[in-house]
Amino acid sequence: PDIFFQSHAAYERYLYKNATTMSTWDPIMELNHDMADACIACIRNRHSILPVQFSSHFEYAHAVEKAPTHLLRCSRFLEVADLLAKESFVRRKLRTIGFLVGTRAHIADIEAMNKIISDRGIQNIDMDSVFISSFKVIYDVLITFDQSNFEKDGFRGADDKSLARTVEIAEALHCMGQSMLAHGFEDDAVEAYSHSLKKFEKVHSVIQSGATENASIDGMPSLDHIQFTMAETLVGMATVNDCHGDVDNATINYERALSFYSKDRSLRHRNGVAETLMTMGIIYFRRKHWDIAAANFEEAMEILESLDVDGSKAEDIGDIFQWLGNIRRNEGESESALAFFTEALYVITLKFGKCHSRVGRVHQNIAIIYDDLRDFNASLSHYKEALKVRIRAAALAAKSTDLRHFEVATLEELAVAETLQCMGNVYRVTQDYERAYGCYSESAFIARLDVCALLRSNVLAVDRVMDLSRGDEADEGT
């Protein structure tokens, strides 16, 4: 089938000779139609009462793996949606090409379909329903398959094959958790993560006890890989805890993730430590535990600077400088805060250039510090720089014809409104009421239009809308 799929030119010549309507002829579409039909026929014949002479195992495995792809490429979306949520198909897929590979392939098919449906604005397919039903089928299949002696015996006397199989299923559940979390199915993500972690913990305890040598088991990942995936799973669970406001459990899970990340000095482990420390710093910042937050950010900074050999970590380093600046501002140390924001401006400008929206945010923060210091000339100078950058960023975002960039452009325009509001505050304090009124009016005009647009798209939180609507009541220097 792979050879046939790659033979576009020969197939086009064949169709050209037999085509009757040249104006609507699409050889690639026709090829995918035929391939989709061939894959589906192969799957059906393999499990029919007819003699198995249609396909070899290779052809059957190819058919199971590629059927959704070919259906998508020839726009047979309803068939894809039905196939992806069909338990018998998912069961065959995972049995044929493996639990982990099959789960990854199935998730990739779902996400590919979601992108196409979103890009084309197709309304007659409920992708949330496709996600939920497909994930439920994968989850049920994985849990059903995981009835090995390794589980039944409580992992005592487990054979190597059962051990490797349990790790494979644990990784498949981890992949499910990642995808569900990315698409907003947080409760389902936690369930998948929890089952994944439980299996990993049991396997990890067996390996740590010396009952088996995982390096000698065929298909078994290394201990470092298992520990890294356990850390990633705990981070996913902590993310959901944080989203639900369960800060205590989020902190516990992040700290457990750190313990697994720290077991190795590889690049990905150290990067995981840095990212987790940053996230914990943000949590402690929100709880106003300034000292603990600063300690986490500083440790993350040290690791990131050691990893930043090619400038790839500059964005994170710039963000940490800003967090540290905000901590110092909340502690009443304006001069120290200004130093951190100045460092952030240098790093982020070097990374993104002078006209990036992130640079506008740093100018805004520096201006706020100058407000605190009552140096209004300096604050206005940075507000004007922020305004210039943000107007440019909003204009660039508005030029995009991609519908997905509409929300980005609207948020950039709201950033312009925010800067104008802050400038109005400064002019009001300095008793330049005419300019203050002009800034407030323009800010309100932009915000009114964009807030309505974002509320219609369910993007902006109501409390943020209320903040923007109180421009004439805002505190000075905020």
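Predicted model: local features only at pLDDT ≥ 70, side-chain atom pairs only at ≥ 80, totals over all residues.
Leaving aside its neighbours within four places in sequence, which residues is threonine 103 in contact with?

Threonine 103 is found in helix α7, which covers residues 99–120. Beyond the neighbours within four places in sequence, threonine 103 touches Leu94, Gly98, Ile138, Leu142, Ala172 and Met176. Its relative accessibility is 0%, and because buried means under 20%, threonine 103 counts as buried.

Now the protein as a whole. The protein has 22 helices and zero strands. There are 478 residues, and 47% of them are buried. Of the contacts with a separation of 6 or more, 62% are between residues 24 or more positions apart. The accessible surface is about 24,300 Å², and carbon and sulfur atoms account for 51% of that surface.

Next, the helix pairs. Two packed helices are described by the angle between their axes and by the distance between those axes.

Take α11, residues 186–208, and α12, residues 223–243. Their axes come within 9 Å and cross at roughly 150 degrees. Angles over 145 degrees count as roughly antiparallel, so that is the label for α11 and α12. The crossing is left-handed. On the α11 side, the contact includes Val190, Tyr193, Leu197, Phe200 and His204. On the α12 side, Ile226, Met230, Leu234, Met237 and Val240 are among the residues met. By class, the residues in the contact of α11 with α12 are 13 nonpolar, eight polar and two charged.

The other pair is α17, residues 334–352, and α18, residues 357–372. Here the axes come within 9 Å and cross at roughly 165 degrees. α17 and α18 are therefore roughly antiparallel to each other. Which hand does the crossing of α17 and α18 have, left or right? It is left-handed. From α17, the residues in the contact include Leu338, Phe341, Leu345, Ile348 and Phe352. From α18, they include Val359, Val362, Ile366, Ile369 and Tyr370, along with Arg358 and Asp372. The contact of α17 with α18 divides into 12 nonpolar, five polar and two charged residues.

To go back to the opening question: threonine 103 sits in α7, is buried at 0% relative accessibility, and has Ile138, Leu142, Ala172 and Met176 among its contacts. That is all I have for today.

Definitions and conventions. Residues numbered from 1 in each chain as written. Heavy atoms only, no water. Axes fitted to C-alpha atoms, helices over the stretch in contact; angles between N-to-C directions. Helix = DSSP H or I, 4+ residues; strand = E, 2+ residues; numbered from the N terminus. Parallel < 35°, antiparallel > 145°, perpendicular 65-115°, else oblique. Left-handed = near helix turned anticlockwise from the far one by under 90°. Contact = heavy atoms within 4.5 Å. Nonpolar A, V, L, I, M, F, W, Y, C, P; charged D, E, K, R; others polar. Buried < 20%, exposed > 50% of the residue type's maximum accessible area, 1.4 Å probe, protein only. Areas by Shrake-Rupley, 256 points an atom, 1.4 Å probe, with all protein chains shown as cover.
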